[in-house]
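Good morning, and thank you for coming.

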Amino acid sequence: RAFADGRLVAELAEDDLILGGYVLALLRTDDLEFCERVIECTRDHAAARGSAPAAASAAYYSGYLAHLRGDLIAAEGHVRAAANGFRDAGGIGTLPQLTALLLDTLTDRGELDAAESQLVAAGMDGDIPEHWWFAPVRWSRGYLRLAQRRRREAIEDLTSFGSRCDRDGLV
């Protein structure tokens, strides 16, 4: 109920990290219409505050939602808008979560060369840091490698992803 009436978004509007955790958890539910309303509320609060990072986060959530719905064109547009928004706000436009979602979207669209280019641009075509923050990129790179029929590399990335998640206690 706190999300439904926008109260929780308003209370957490100044803490993008905590709000983002809630939104990402909601995106893993089956109620995508509800998620869309919450994301619209986060976008409205970001605009009202004039917060470029919060607006970029809302664009990322919109991209994630579009990807879940299979609207890959919209997903790509939202993710690129999020990357540009973070970059314009003085942040990093190649955050692992953004890179992973863009890779998945391009791979799902069959744009494997474009996905590979994004991987290279993010500096993730070689060694990927061991930190849990980069786990989504490792998974997405493995997914891309499967689509490219580079099975050995895909298996290495995907099994490495699994063992690192086990090691770090991630689900």
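Let me start with a single residue. C35 has a relative accessibility of 2%, so C35 counts as buried; buried means under 20% relative accessible area, exposed means over 50%, and partly exposed is in between, with a 1.4 Å probe and protein chains only. This is a predicted model, in which local features need pLDDT of at least 70 and side-chain atom pairs count only at pLDDT 80 or more, while totals for chains, interfaces and linings use all residues. Residues are numbered from 1 along each chain as its sequence is written, and side-chain values use heavy atoms, with hydrogens and water left out.

Where does C35 lie? C35 belongs to helix α3, residues 32–49. Helices here are DSSP runs of H or I of at least four residues, strands are runs of E of at least two, and both are numbered from the N terminus. Apart from neighbours within four places in sequence, C35 is in contact with L26, L27, T29 and L65; contact means heavy atoms within 4.5 Å. Y61 is 26 residues from C35 in sequence, and their C-alpha atoms are 9.1 Å apart in space.

I now turn to the chain as a whole. The protein chain has 9 helices and 0 strands. Its radius of gyration is 16 Å, close to the 16 Å that the globule rule gives for 171 residues, so the chain is as compact as a globular protein of that length. That radius is taken over C-alpha atoms, and the globule rule is 2.2 Å times the number of residues to the power 0.38. Along the principal axes, the C-alpha atoms fill a box of roughly 50 × 30 × 30 Å. Of the 171 residues, 43% are buried. Among contacts with a separation of 6 or more, 52% join residues 24 or more positions apart.

Next, helix α5. This helix covers residues 72–88, and its 17 residues reach 24 Å from first C-alpha to last, close to the 24 Å expected at 1.5 Å a residue. The expected span is 1.5 Å times one less than the number of residues. Buried residues of α5 include L72, A75, E76, V79 and F86. An α-helix has 3.6 residues a turn, so residues three or four places apart point the same way. Which helices do the buried residues of α5 pack against? They pack against α4 (52–69) and α6 (96–108). Just after α5, G90 takes a positive phi of about 90°.

My last helix is α8, residues 135–147. Its 13 residues should span 18 Å at 1.5 Å a residue, and its end C-alpha atoms are 19 Å apart, which agrees. The cover over the buried residues of α8 includes α6, α7 (112–121) and α9 (151–168).

Is R141 buried or exposed? R141, which lies in helix α8, is buried, with a relative accessible area of 8%. Not counting residues up to four places away in sequence, R141 touches L103, L119, M124, D125, G126, I128 and D157. R149, by contrast, is exposed, with a relative accessible area of 62%. R149 sits in the loop between α8 and α9, and its phi is near 65°, a positive value in a residue other than glycine.
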